[in-house]
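Here are a few exercises to work through with the model open in your viewer. Try each task before reading its solution.

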Amino acid sequence: MNQRHLVSVWNPAYAVDAMDAHVQVLLSRAADHRAGKLEEDDVYVWWGRVRSKNREGGLPHLADVLALDDQIQAETPTYLFLTDYRSLYVADVGEVTVDDVRARDGERAAMPSYYKDLECDAWFRIWDIRRLVADDTLAVVEELKTLLNVRYHNHPVSLYGGITELPLIVERQTDVDWFGDRAELTEGRLWAETDAELRGESARISSDLRDNLFGRRLWQALNPATRTFLASAEAVLRTRREDPVFDFSGPAIQLAKAVEVEANDLVFGFARRALAEKAPGARTIHVDGRTLDLGRPVPFQTLGTIKRLLTEEPILGNALKISAQLRHTFLTDPYKLPAELGRVQELRNPAAHTGLVAGESVLRLRERLLGIGCHGVMSQMAEVKVLHE
């Protein structure tokens, strides 16, 4: 059986914002862990599949939903995608149970209070929650299309007409490890904590970048984390660009992370397309004493490592040319992408280590990445994805 996940919808009638209520519980427990009040394994929140008062009988596919717990126990990443049609989140699921967890000691503190008088068909223990789309229904529609509804002949999930028998059981043609990159991108913190810091102005900036710079198709082609870091950096730069004493290391690091995420996504995603069916000897390379199988998902790599692999590993370079089916694109040119990664690396290293970066340098990088007065690096990376959809 392929890796399976779930899709559900939260009902705004249960709380002013049901998603915020769950995130707040998760953030509070994360803070308690840092204060020494909770063990790390106690940082979670329960999500209940609320039973409709108008439904008679149980969920027809409840056994299939509960079967995902076996997948979890086998340490296979399992996700619950949650939407209110305007926004989309992905949750890292640690347990699926039909038991009423409210009867367990101390578990009521690990859920929003509004569950007190509600009946639930099943409960999901959530380790982390990550925002994929904010206030953009069309983007939610596009993101859900990447998921295939198992109980509906593996058709792509349709936001209108296909949201029945919740939670949906879904598969994805190419699975994404939504939470495996926290060490590199969030300094080990929960994605819920990072998202909480990037709300507000950055959400407005994200819409502006999509509508007035990239265009919807290219913006949607970028990795959700790429979009998050670009919008967050831009929100700071637009308000502090004229401040002569401001330390620009924060937006510098966020811009670098955006490039790093997209480079991992682009380079190793295209390499996997070309090499998945090759023999192991034709698709493995050695990096810092480790063996990387380019025909399978590759662990997150740094800017410096990707740059070096692009210039020194012929297996990777040839795989990109085969996969892209073009000999001269932004992705396959042996000089273009490595040169851009080098420029970002030159700025990121001082920002990460000394913490002091001049605004002029960051603003020049911003112009090059976003395409202000030039053909932007991020747009070119997105164009390669769109060209080979």
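**Exercise 1.** What volume does the largest pocket have? Find which residues and elements line the largest pocket.

*Solution.* Keep in mind that this is a predicted model.

- Step 1: the volume of the largest pocket comes to about 1800 Å³.
- Step 2: its lining is made up of 46 residues, and those nearest the centre are Arg172, Thr174, Val176, Asp265 and Arg272.
- Step 3: two or more lining residues come from each of helix 4 (137–144), helix 8 (216–221), helix 9 (224–240) and helix 10 (249–275).
- Step 4: the most is given by helix 10, with 9 residues.
- Step 5: sorted by class, the lining of the largest pocket holds 20 nonpolar, 9 polar and 17 charged residues.

**Exercise 2.** Which residues of helix 11 are buried, and where do they sit around the axis of helix 11?

*Solution.* 

- Step 1: take buried as under 20% relative accessible area.
- Step 2: within helix 11 (residues 303–312), the buried residues are Leu303, Thr305, Ile306, Leu309 and Leu310.
- Step 3: these residues cover an arc of only 165 degrees around the axis, so they lie on the same side of helix 11.

**Exercise 3.** How many residues of strand 8 are buried, and which strands pair with strand 8?

*Solution.* 

- Step 1: in strand 8 (residues 168–172), 5 of the 5 residues are buried, so strand 8 is largely enclosed by the rest of the structure.
- Step 2: Leu168, Val170 and Arg172 point one way, while Ile169 and Glu171 point the other way, and all are buried.
- Step 3: strand 1 (residues 4–9) pairs with strand 8 in the antiparallel sense, over 4 bridges.
- Step 4: strand 6 (residues 147–149) also runs antiparallel to strand 8, joined by 3 bridges.
- Step 5: look at Glu171, which stands opposite Arg4 and is also the bridge partner of Leu148.
- Step 6: finally, link back to Exercise 1, where Arg172 is among the residues nearest the centre of the largest pocket.

Technical notes:
Residues numbered from 1 in each chain as written. Predicted model: local features only at pLDDT ≥ 70, side-chain atom pairs only at ≥ 80, totals over all residues. Heavy atoms only, no water. 1 Å grid on protein atoms, 1.4 Å probe; cavity = no way out; pocket = protein on both sides within 12 Å on 5 of 7 lines; lining within 4 Å. Points joined across faces, edges and corners; volume = space filled by probe spheres on them. Nonpolar A, V, L, I, M, F, W, Y, C, P; charged D, E, K, R; others polar. Buried < 20%, exposed > 50% of the residue type's maximum accessible area, 1.4 Å probe, protein only. Arc of directions from axis to C-beta. Pairing = 2+ DSSP bridges.
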